[in-house]
Amino acid sequence: MLAGAACAALTGLAAPAAAATFPSTPTSSSFASPQVGQAVDGFYARRHGATLWLRGGPDSPAATALIGTLQRAPLDGLASGPALAAQANALLARARGGDPAALSNAERLLATAWVLYVQKLQTPPPAMTFADSWVAPRRDTPAQILTRAAAAPSLSSYVHSTAQVNPLYAQLRDAAWAEMQATGGQLDPRVVGSLQRARSMPFQKRYIMVDAASARLYMIEDDRIVDSMKVVVGKPSAPTPMLASTIYYATVNPYWHVGDELVRNLIARNVLDQGFGYLKSHGYQVFTSYGDDAELIAPDQVDWKAVAAGRQSVEVRQLPGPANSMGDIKFGFPNRYDIYLHDTPNKDLFAQADRDISHGCIRLEDAGRLGRWMLGHNIGASDQPEKHVLLPTPVPIYITYLTAHGDDGRLAFVDDVYRRDSAAPARVAALR
């Protein structure tokens with residue numbers, strides 16, 4: 001969460017930036033590192049001093065867009081945003097009065113501010129695990145940040161699109177900004193924490209975001225939420241982790257490879273209570289191990305009391321079929337938690353308001369619909385167990401945790417079932 005100077009900047013967001021008092025001639029070094037200053041100098045040297053942000057003069061649309069973005073930039077993690085905006089406005093006022101040096105200073109100040117702003121947006125969310133190289137956050141150098149801006153057909157549009165980050169983030173930040181204007185700067189700390197956790201910047205055109213706090217999945221394409229559905233997520237004792245990865249294929253008629261904990265606490269105990277008929281009625285097979293050389297073994301060859309006590313381990317696999325806990329389709333993706341998306345035969349769970357009841361994996365309200373969106377067509381049925389269907393284009397997935405949301409321009413909150421906002425109350429006073 002934001003603290004210190006960032007919280008102080010948040011408090012002042014509701015007041016007009018021009019009302020603050022700042023030095024009449026700003027220096028970029030007061031906000032940026034020497035490396036950023038050198039990159040800005042090099043950028044303009046390559047342009048032979050040609051302007052970028054002020055090509056249209058002091059009232060350039062690009063400058064206006066950036067200054068407006070900076071005024072609320074503490075919500076994006078850049079505490080110095082309002083001060084940078086105020087100094088830029090002061091310089092532009094002098095430039096309108098005919099001061100050419102002020103115009104040049106404003107140009108370089110805006111370039112520096114843009115680098116600082118994008119660097120903040122490209123800072124990975126805290127506690128997010130990036131489990132696949134294709135979703136690793138892009139961390140551009142200052143020179144790359146400025147070069148990308150210079151290549152944009154419309155710089156003002158580029159500022160707006162970059163500042164969106166992703167649709168869930170943009171909705172929450174816009175609602176937070178509106179709330180702060182209405183309340184004179186007060187902001188619930190849950191909003192700040194959720195903004196941090198939502199601040200992922202996928203460069204791909206199509207991706208999935210799962211919000212474990214609200215138990216909902218979003219399909220995002222061309223910076224728009226095109227569809228969403230309910231999901232079931234991990235219970236508080238087995239929370240679904242924050243992670244980013246990539247879905248490369250769908251699995252039709254999947255096996256369910258039961259995890260060690262469930263084999264001990266569910267399967268073994270039910271065998272002891274109900275006998276071997278429990279395994280047969282549920283389509284479970286027992287193997288010697290989890291390795292490639294695993295062999296099928298008869299249930300009566302297993303010491304199930306030892307399994308239940310954790311002294312012995314076996315692999316239990318559930319065959320495809322109507323009772324399979326994976327349902328008809330599974331979407332796996334690389335991660336060390338063995339988390340995946342999957343169908344479920346138990347559809348009545350989605351009528352519940354509280355859907356944090358799984359062992360960590362994510363159950364889908366409509367796996368077929370998600371598959372159609374990713375593949376471009378129905379996945380289709382198959383008699384073959386564990387049939388993998390490659391996606392035409394891999395689809396990134398970002399699993400986050402948002403206790404605050406932007407809902408039709410207003411803030412809305414959900415319960416913090418995983419206690420990830422537990423430190424928030426200590427920061428309430430600093431935000432007011």
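Which residues lie nearest the centre of the largest pocket? The structure is a predicted model, in which local features need pLDDT of at least 70, side-chain atom pairs count only at pLDDT 80 or more, and totals for chains, interfaces and linings use all residues. Residues are numbered from 1 along each chain as its sequence is written, and side-chain values use heavy atoms, without hydrogens or water.

Trp 256, His 257, Gly 259, Leu 262 and Tyr 340 lie nearest the centre of the largest pocket. Its lining comprises 40 residues. A pocket is an open set of points on a 1 Å grid over the protein atoms alone where a 1.4 Å probe fits, with protein on both sides within 12 Å along at least five of seven lines; lining residues have an atom within 4 Å of a point. The volume of the largest pocket is about 960 Å³ (the space filled by probe spheres set on the points, which are joined across faces, edges and corners). Strand E5 (243-252), strand E6 (256-257) and helix H10 (260-274) each supply at least two lining residues. H10 gives the most, with five. Helices (H or I, at least four residues) and strands (E, at least two) are DSSP runs, numbered from the N terminus. By class, the lining has 18 nonpolar, 16 polar and six charged residues (Ala, Val, Leu, Ile, Met, Phe, Trp, Tyr, Cys and Pro are nonpolar; Asp, Glu, Lys and Arg are charged; the others, Gly among them, are polar).

The second largest pocket holds about 740 Å³ of space. It is lined by 36 residues, with Arg 138, Val 165, Met 201, Pro 202 and Phe 203 closest to its centre. H7 (155-164) is among the helices that each supply at least two lining residues. The largest share, four residues, comes from H7. This lining divides into 20 nonpolar, nine polar and seven charged residues.
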